[in-house]
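Visitor: I'd like to learn how to read a sheet and a core in a model like this. Could you walk me through it?

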Amino acid sequence: MCGIVAHVGSRDCVPILLEGLAQLEYRGYDSAGLAVVSRSGGLRVHKAKSRVAGLGSNLPARFKGGPGIGHTRWATHGEPNDINAHPHVVGPVAVVHNGIIENADELRAKLIAEGAEFASETDSEVLAHLIARASGYLPAPDAAADGTTRQASAVANDGTGQGGLEGQDDGTGQATRAGKRGDDPVVLGIGDKEMFVASDVAALVRYTRQVVHLDDGEVATVRADGFHTSTLDARTTTHEPSLIDADLGSYTADGYTHFMRKEIHEQPRTVERALRGRLEERFNTAHLGGLNIDAREARAIRRVKILGCGSAYYAGQVGAQLIEELARIPANAEPASEFRYRNPVVEADTLYVAVSQSGETHDTLAAVRELKRKGGRVIGVVNAVGSAIARECEGGVYLHAGPEISVTSTKTFTATCVAFSLLALHLGRIHDLSPADGARVIAGLRALPGQVTQILGEEERITELARDLAGYPSMFFVGRVRGWPIAREGAQKLKEVSYLHAEAYPASELKHGPLALVGPDLPTVAVLPDDELRDKNISTLGEIKARRGRILVVGHGTLDPRLADDMVEVPKNEPELDPILLSVPLQLLAYHAAVRLGNDVDKPRNLAKSVTVE
Ligand code: G6P
């Protein structure tokens, strides 16, 4: 969702802000903007409903200077347009903001009654008015730290809701101010006689690895030579800078046309990384250092409930099946967004698992908090190290998949399924999984990277199939039991990036309704593992064929050509692990359909990578 970047230093900040914003594009946005203090001391603003590249190529003449702030906006209050784009400026104060101010309407009415004039429909503009008023258009430079606290406190005390905030004014021309309330991250980057602020380290890694994460309720004054942080009631706080461990290569497309394709191709490596150091052949189990659950506690778990949103939820469904199969503990997955609102019954002997790539998803985080409030035990399956969800959970499993830039998840879906395989193996070996079965699963896990590489070798053929499918406006994805979450994820992927209509159904449900739509114009993608349900799945294919529906099978073995028009054969692993492999061709299918249709694959319309609002 929205992204913030700011720079204070002697060099022109505009290229730094544009580069930083480009790195935040992956989060999803619909407009972008910059505010800089010009060399003559005035505040200049340039914002538009456009991509960051467009913003950069249409800069007004001599648009340079510093300090400066930049923003990518994902609309919540007010449609995406040039005026609602951030920064919002009131007098000498310019503000960019991530998050939602829940009482913005009330504050706006009050400010209007006091004579304020609003330019935009956004909740964020309220902040610019409040800061401008609280600061009295800013005191002298030396009082900036106090001024900052006063301004940010005024905002934080008046506004409810959450957000990361970055503001600047031209009163001193020397500093920017940042504040954090709620979950949206705010990171200060420490350079050589220059400082950066961003909502995501992706915007900083090119310039510095030394960072400070602001805590909830903290404000910072940032100058070229350092920073000062304090609480809302002006108590100075201290921070030891930490080093970001980021591979710069993860933030570049590295010769690939799209991050989505690059990330699909990274999967043999991400699977290896998820497994590294975690397989314990000696006891035929998995060693998960961060779980913080001892064997006695693990033995006492009677149920597992998995929570996540979007692809994380579907990966959670795969996880639930793995846990039921390998550990024989009843397990199910539920969208975190629903769970948190239904006053869930929280049980002491249930292990709750929050799944999130970003570790920022608001609904998932809120579910974790609701669980903790009720005394539930929650662990995380998370990619982003140190993220809000990772911090809230009592322990968990990191994916170690590296940054995922394409909005739609691919390598982290696979890595999440692998992490669940490890968790299921670990719990299984404490419950009733035999050493022999443990060894079988370990051998299967070790075979995965090579098998993923094998599937990626089929890309050319899958590309042709995708081009063909892209000609149909609508299609079904079907699967059963182990294949069902894979069908759901396959349909989700296709929808997200190709904008074609795709619905997933359990193959067994087709005849209970959806079959009414099957015919020559509606193809079906069938996930068909070689498992105990194969014959039943084949009967479903027969039902589709009898209605002259076109079928693409993704599965094992070969099939009677009368049953399927096309087939992508996937190498077989252990039945419990097969779903992981079956999802890879569906990722390629979605990707190539989207490319065929000329879509912005990495940044699909209306979607955001990290959904940090409700
Ligand atoms: C958004 C993204 C999805 C993602 C979901 C959960 O909706 O568009 O691709 O699956 O959030 O994200 P998380 O970071 O919690 O895995």
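Visitor: Which residue stands opposite Val353 in E20?

Guide: That's Ile306. Keep in mind that this is a predicted model. In general, strands of a sheet pair through backbone hydrogen bonds, either parallel or antiparallel. Here strand E18 (residues 303–308) and strand E20 (residues 350–356) run parallel, with five bridges joining them.

Visitor: What is the order of the strands in the open sheet?

Guide: Read across, the five strands go E19-E18-E20-E21-E22, with parallel pairing. Strand E19 (331–335) and strand E22 (395–398) are the edges, each pairing on one side only. From one strand to the next, the twist averages 20°.

Visitor: Now the core. Which residues touch the most other members of the largest nonpolar core?

Guide: Ile323 and Phe477 do, in a core of 90 residues. Domain 2 (253–453) and domain 3 (457–601) each supply at least three residues to this core.

Visitor: What does Ile323 touch?

Guide: Leaving out residues up to four places away in sequence, Ile323 touches Val304, Ile306, Arg328, Ile329, Ala331, Phe420, Leu423 and Ala424.

Visitor: Last one: which domains does the assignment give?

Guide: You get domain 1 (3–250), domain 2 (253–453) and domain 3 (457–601). Taken over C-alpha atoms, the centres of domain 1 and domain 3 are 45 Å apart.

Definitions and conventions
Residues numbered from 1 in each chain as written. Predicted model: local features only at pLDDT ≥ 70, side-chain atom pairs only at ≥ 80, totals over all residues. Heavy atoms only, no water. Core = buried A, V, L, I, M, F, W, Y, C linked by side-chain atoms within 4.5 Å. Buried < 20%, exposed > 50% of the residue type's maximum accessible area, 1.4 Å probe, protein only. Domains from an automatic or database assignment. Contact = heavy atoms within 4.5 Å. Pairing = 2+ DSSP bridges. Helix = DSSP H or I, 4+ residues; strand = E, 2+ residues; numbered from the N terminus. Axes fitted to C-alpha atoms, helices over the stretch in contact; angles between N-to-C directions.
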